Amino acid sequence: MATRKQSDSVLEVERSKTKPPPLFKVMLLNDDFTPMDFVIVVLQKFFSMSREQATRIMLKVHREGVGVCGVFPRDVAATKVELVTGYAREHQHPLACVMEES
C-alpha cells in the first residue's frame, strides 16, 4: 500500500504597507496690488476660514511675503490653486497662489 505524505506548509499572507499620499502646502504670495480685504475673502471662501483666521493669514502674507492656507493631497491642492487664481483674475487682482510638497 502506498502512503502519501502531506507537507505541513502554511500559506502566510504577505501584507504590503502603502505610504500615505504626499501632502502639498497651498500658499498665497504677497504683492503690492491685491487689497487685504480681497485676500481675507479668498481665505474665507476657498479655505473655509473664519474672519479671524483669514485676517491672521493675510497679515502673515503681508508681513512675511507668504502664508500657508492649508495642507492637502495633490489633487485637492491643485484644484484650490486653480480656483483661487481664477477668482483673483476674474476680479482683476494679481494674487498668486502656489503649492509645494510639504
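The buried residues of α1 are F38, V39, I40, V42, L43, F46 and F47, where buried means under 20% relative accessible area with a 1.4 Å probe, protein chains only. The model is predicted, with local features needing pLDDT of at least 70, side-chain atom pairs counting only at pLDDT 80 or more, and totals for chains, interfaces and linings using all residues. Residues are numbered from 1 along each chain as its sequence is written, and side-chain values use heavy atoms, with hydrogens and water left out.

**Exercise 1.** State which elements the buried residues of α1 pack against.

*Solution.* Start from the helix: α1 covers residues 36-47, a helix being a DSSP run (H or I) of at least four residues and a strand a run (E) of at least two, numbered from the N terminus. Its buried residues pack against β1, α2 (51-64), β2 and α3 (74-90).

**Exercise 2.** Classify the packing of α1 and α2 by angle.

*Solution.* First, take the angle, about 125°, and the axis separation, 9 Å; axes are lines fitted to C-alpha atoms over the stretch in contact, and angles run from 0 to 180 degrees between N-to-C directions. Next, apply the classes: under 35 degrees is roughly parallel, over 145 roughly antiparallel, 65 to 115 roughly perpendicular and the rest oblique. α1 is therefore oblique to α2. Finally, list the contacts (heavy atoms within 4.5 Å): M36, D37, V39, I40, L43 and Q44 in α1 meet R51, A54, T55, I57, M58 and H62 in α2.

**Exercise 3.** Find the residue that L28 stands opposite in β2.

*Solution.* β1 (residues 23-29) and β2 (residues 66-73) run antiparallel, joined by 7 bridges; pairing requires at least two bridges found by DSSP. Within β2, G67 stands opposite L28.

How values were computed:
Expected span 1.5 Å × (residues − 1). Buried < 20%, exposed > 50% of the residue type's maximum accessible area, 1.4 Å probe, protein only.
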